[in-house]
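Welcome, and thanks for taking a look at this one. Please have the sequence and the 3D view side by side as you read.

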Amino acid sequence: MRHKKAPKRIISPDSIYGSITVGKLINKVMRDGEKSVAAKQVYNAFGIIAEKTSQDPLMVFKTALENVKPIMEIRARRIGGAAYQVPMPVRVDRKVSLALRWIVENANAKPNGEFKSFAAKLAAELMDAANNTGASVKQRDTVHRQAEANQAFAHFRW
């Protein structure tokens, strides 16, 4: 067990929108420390969103994030030699990080045939999530269903 609590890292906001959440998205997209490449992909995706929806891409992104954020999740808890799936509420910072992770993972999982670049995949996933459809929203619903199914073990919550 950790003796001291790990210090919270301060994420710098992105350069164009000045949003910390967009900075977190860029960090999630980033691979091998190529932050400028990741930023270019995210901004290209935002450009595609602005072009297709004729709305502010930041508002579409925030709506998508709100639609994907989970309220409950299940965690394994060992009691008397048995592992139970215990439903628990999700902390605010974890909600954002789970939502961003799911959006990026599901954008990556999209087939290459219909999309030209990762920016197009990310834009499609964000627009789907903003409309309450798509793989990320489906993933959130699955997590909620599992939490509801294991409601009988809620008394094991710590």
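This is a predicted model: local features need pLDDT of at least 70, side-chain atom pairs count only at pLDDT 80 or more; totals for chains, interfaces and linings use all residues.

The protein has six helices and two strands, and from the N terminus on its elements run α-α-α-β-β-α-α-α.

**Overall layout**

- Taken along the principal axes, the C-alpha atoms fill a box of roughly 55 × 35 × 25 Å.
- Of the 158 residues in the protein, 38% are buried.
- Among contacts with a separation of 6 or more, 59% come from residues 24 or more positions apart.

**Helix H5**

- H5 covers residues 118-130, which is 13 residues. From first C-alpha to last, H5 reaches 18 Å, close to the 18 Å expected at 1.5 Å a residue.
- Twelve of the 13 residues of H5 are buried, so this helix is largely enclosed by the rest of the structure.
- The buried set includes Phe 118, Leu 122, Leu 126 and Met 127, along with several alanines, among them Ala 119, Ala 120 and Ala 123. Lys 121 and Glu 125 are also buried.
- What do the buried residues of H5 pack against? Their partners are helices H1 (20-29), H2 (35-53), H3 (57-68), H4 (92-109) and H6 (135-149).
- After H5 comes Asn 132, which has a positive phi, near 60°.

**The H1 and H2 pair**

- The axes of H1 and H2 come within 8 Å and cross at roughly 120°. H1 is therefore oblique to H2.
- The crossing of these two helices, H1 and H2, is right-handed.
- On the H1 side, the contact is made by Val 22, Leu 25, Ile 26, Asn 27 and Val 29. H2 contributes Lys 35, Ala 38, Ala 39, Val 42, Tyr 43 and Phe 46.
- By class, this contact of H1 with H2 has nine nonpolar residues, one polar and one charged.

- Lys 110 sits in the loop between H4 and H5.
- Is Lys 110 buried or exposed? Its relative accessibility is 17%, so Lys 110 counts as buried, the cut-off being under 20%.
- Leaving aside neighbours within four places in sequence, Lys 110 is in contact with Phe 115, Lys 121, Ala 124, Glu 125 and Asp 128.

Conventions. Residues are numbered from 1 along each chain as its sequence is written. Side-chain values use heavy atoms; hydrogens and water are left out. Helices (H or I, at least four residues) and strands (E, at least two) are DSSP runs, numbered from the N terminus. The expected span of a helix is 1.5 Å times one less than its number of residues. Buried means under 20% relative accessible area, exposed over 50%, partly exposed in between (1.4 Å probe, protein chains only). Contact means heavy atoms within 4.5 Å. Axes are lines fitted to C-alpha atoms, for helices over the stretch in contact, and angles run from 0 to 180 degrees between N-to-C directions. Angles under 35 degrees count as roughly parallel, over 145 as roughly antiparallel, 65 to 115 as roughly perpendicular and the rest as oblique. A crossing is left-handed if the near helix is turned anticlockwise from the far one by less than a right angle, and right-handed if clockwise. Ala, Val, Leu, Ile, Met, Phe, Trp, Tyr, Cys and Pro count as nonpolar, Asp, Glu, Lys and Arg as charged, and the others, Gly among them, as polar.
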